[in-house]
Amino acid sequence: MTSSGSADVLVVVDHQGSTVRNPALELLAAARAIGRPEAVWLDEAAPDEAALGMLGAHGADVVHHVPVAPGSVLPAQVAALLRAVVDATGTRTVLLTSTFENKEASAHLAFHLGAGLVVDAAGLERSDDGALVTVQQAFAGTWTLRSAVTAERAVVALKANAVPAEVVAEGAVATVVGHDVPAPAADAELVERTERPVSGRPSLTEAQVVVVGGRGTNGDFSHVEELAEALGGAVGATRVATDEGWIGHEAQIGQTGVTVSPRLYVGAGVSGAVHHRGGMQSSGTIVAINNDPEAPIFEIADYGIVGDLTTVLPQAAAELRRLRAEAGDT
Ligand SMILES: Cc1cc2nc3c(=O)[nH]c(=O)nc-3n(C[C@H](O)[C@H](O)[C@H](O)COP(=O)(O)OP(=O)(O)OC[C@H]3O[C@@H](n4cnc5c(N)ncnc54)[C@H](O)[C@@H]3O)c2cc1C
């Protein structure tokens, strides 16, 4: 192992192959608000030139590479690998993207480090006395919580889309620091892992735009899909739609589904029940399309369209395609 400079924050890089995913760049922007970040890359192969350029340009001049086969370890083992990097660097704060697996890894890591743990954070800052302060949305986005970490170390899982990614140094390339960490022991081992086929769309929890269909679709998600396609967004659903089998359960947003915080949420044929709101109310801009002007979703919508979704959605998608074509954007 080679040693690095003294980072204030270690950012665990979410990547697919050698491609750095946007949430990792958002983490780097959030990390820079509280100190100097370095990145951690867990993969058999070290990051390539393009990934190092991307990470460098977003403020990480050092990338710690821990060789481990992607998807071959469970969250407890990921935590053990991260702990080795924390021990080697003496870094006090570790940032991860708030996914199911990362939240579990965060809990293991925080436990072993004796660190303060915050998951589903939506922002980070320093208090006047230098303490790390996290911002979270609670109770369906109706409350904002600020928590100061009182432990010496902190592990924070930050929600995707909470902070915009930002380029800081055009052309800077990060350097790699290798860590030869022995494979961590496991109480449980991964026997099999089957990846869902890639749809070409962004994942629901990371997407900047989410188009959601509810009971009002009456089982026909083609218009929802069409608008999502035109906006380059992900497709989500209410529990009614997933329970009916109109779309897979992984698309369910709400109290018993996933929580999303996209820049733009479009709900079509969605009433806005409290259980659904719990998973989307912290979205940036909320657009509702419903044929009932009294639908509760209009109470939280920034823009509301009273109309039939089978008319409104295709019109919106067609207009977007027309504007794109006009602008020469194919
Ligand atoms: C413990 C518990 C947990 C739950 N967890 C979740 C959860 O995680 N996520 C979730 O979503 N729900 C959850 N629910 C269910 C939730 O309470 C609501 O029943 C559900 O969200 C309603 O889904 P919906 O908006 O699709 O359907 P509805 O409430 O039936 O609303 C359909 C809407 O579509 C409109 N509409 C109908 N036709 C059209 C049309 N042609 N064009 C435009 N608009 C139209 C109607 O006016 C109506 O407002 C949970 C419930 C419980 C009890």
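Let's start with a pocket. The second largest pocket has a volume of about 310 Å³. A pocket here is an open set of points on a 1 Å grid over the protein atoms alone, with protein on both sides within 12 Å along at least five of seven lines. The volume is the space filled by probe spheres set on the points, which are joined across faces, edges and corners. Lining residues have an atom within 4 Å of a point. There are 18 of them, and the closest to the pocket centre are Thr238, Arg239, Val240, Ala273 and His276.

Before going on, the ground rules. This is a predicted model, in which local features need pLDDT of at least 70, side-chain atom pairs count only at pLDDT 80 or more, and totals for chains, interfaces and linings use all residues. Residues are numbered from 1 along each chain as its sequence is written, and side-chain values use heavy atoms, with hydrogens and water left out.

Back to the lining. Its residues divide into four nonpolar, 12 polar and two charged. In that count, Ala, Val, Leu, Ile, Met, Phe, Trp, Tyr, Cys and Pro are nonpolar, Asp, Glu, Lys and Arg are charged, and the others, Gly among them, are polar. Which helices each supply at least two residues of this lining? They are α6, 239–243, and α7, 274–277. Helices (H or I, at least four residues) and strands (E, at least two) are DSSP runs, numbered from the N terminus.

Now the seven-stranded sheet. It is open, its order is β7-β11-β6-β1-β4-β5-β12, and the pairing is parallel. Two strands pair if DSSP finds at least two bridges between them. The edge strands are β7 (116–121) and β12 (175–178), and each pairs on one side only. The twist averages 25° from one strand to the next. Angles run from 0 to 180 degrees between N-to-C directions, and axes are lines fitted to C-alpha atoms, for helices over the stretch in contact.

Take β5, residues 62–66. With β12 it pairs in the parallel sense over four bridges. Val63 stands opposite Val176 in β12. β4 and β5 also pair in the parallel sense, over four bridges. There, Val40 stands opposite His64 in β5. Is β5 enclosed or open? Five of the five residues of β5 are buried, so it is largely enclosed by the rest of the structure. Buried means under 20% relative accessible area, exposed over 50%, and partly exposed in between, with a 1.4 Å probe and protein chains only. In a regular strand the side chains alternate between the two faces of the sheet. In β5, Val62, His64 and Val66 point one way, and Val63 and His65 the other way.

Helix α1, residues 22–32, lies across β1 (9–12), β4 (37–42), β6 (93–97) and β11 (154–158), running at about 170° to β1. α1 is mostly covered, with nine of its 11 residues buried. Among them are Leu25, Glu26, Leu27 and Leu28. Helix α3, residues 75–89, lies across β1, β4, β5 and β6, at about 145° to β4.

Next, β13, residues 209–213. Five of the five residues of β13 are buried, so it is largely enclosed by the rest of the structure. Val209, Val211 and Gly213 point one way from β13, and Val210 and Val212 the other way. β13 pairs with β15 in the parallel sense over five bridges. Val210 stands opposite Tyr265 in β15. β13 also pairs in the parallel sense with β14, residues 234–237, over four bridges. Val211 stands opposite Val235 in β14.

Another sheet has three strands. It is open, in the order β8-β9-β10, and the pairing is antiparallel. Its edge strands are β8 (123–126) and β10 (143–148). β9, residues 132–138, pairs with β10 over six bridges. Gln137 stands opposite Thr144 in β10.

Last, two loop residues. Glu206 is found in the loop between β12 and β13. Is Glu206 buried or exposed? Glu206 is buried, with a relative accessible area of 17%. Leaving aside its neighbours within four places in sequence, Glu206 is in contact (heavy atoms within 4.5 Å) with Asp14, Arg21, Pro23, Ala160 and Asn161. Gly245 lies in the loop between α6 and β15 (264–268). Gly245 is exposed, with a relative accessible area of 55%.

How values were computed
1 Å grid on protein atoms, 1.4 Å probe; cavity = no way out; pocket = protein on both sides within 12 Å on 5 of 7 lines; lining within 4 Å.
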